[in-house]
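Welcome! Take a look at the structure below, and then we can walk through a few of its features together.

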Amino acid sequence: MATPKRKVSHARTSQRKANWLGALSAPVTMKCEHCGEVMLAHHACPSCGYYRKRQVVKMKTEEAEA
């Protein structure tokens with residue numbers, strides 16, 4: 001099995017990690033077109049169940065639970 005010939009320097013390790021960590025970003029959020037709540041892009045709204053102006057998930061209402 002191949003093994004490293006020399007120790008990898010701290011600078012080289014940090015540069016490698018910086019390139020990988022620099023590519024990470026926060027998930028994209030947007031406003032729901034139906035109710036105005038903040039939601040993840042390309043996901044159904046967790047509060048109303050709409051996605052692209054269509055209801056794709058039936059949500060339980062407070063009246064139905066009572």
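A pocket is an open set of grid points where a 1.4 Å probe fits, with protein on both sides within 12 Å along at least five of seven lines. Keep in mind that the model here is a predicted one.

**The largest pocket**

About 210 Å³ of space lies in the largest pocket. Which residues line the largest pocket? They are Met-30, Lys-31, Cys-32, Glu-33, His-34, Met-39, His-42, Tyr-50, Tyr-51, Arg-52 and Lys-53. Two elements, strand S1 (29–31) and strand S3 (50–51), each give two or more residues to this lining. Sorted by class, the lining has five nonpolar, two polar and four charged residues.

**The cysteines**

Cys-32, part of that lining, brings us to another topic. A disulfide is a covalent bond between the sulfur atoms of two cysteines. How many disulfides does a search of the whole structure find? The search finds zero.

**Helix H1**

Helix H1 covers residues 10–22, which is 13 residues. From its first C-alpha to its last, H1 reaches 18 Å, close to the 18 Å expected at 1.5 Å a residue. Is H1 largely buried or in the open? The number of buried residues in H1 is zero, so the helix lies largely in the open.

Key: Residues numbered from 1 in each chain as written. Predicted model: local features only at pLDDT ≥ 70, side-chain atom pairs only at ≥ 80, totals over all residues. Heavy atoms only, no water. 1 Å grid on protein atoms, 1.4 Å probe; cavity = no way out; pocket = protein on both sides within 12 Å on 5 of 7 lines; lining within 4 Å. Points joined across faces, edges and corners; volume = space filled by probe spheres on them. Helix = DSSP H or I, 4+ residues; strand = E, 2+ residues; numbered from the N terminus. Nonpolar A, V, L, I, M, F, W, Y, C, P; charged D, E, K, R; others polar. Disulfide = S-S within 2.5 Å. Expected span 1.5 Å × (residues − 1). Buried < 20%, exposed > 50% of the residue type's maximum accessible area, 1.4 Å probe, protein only.
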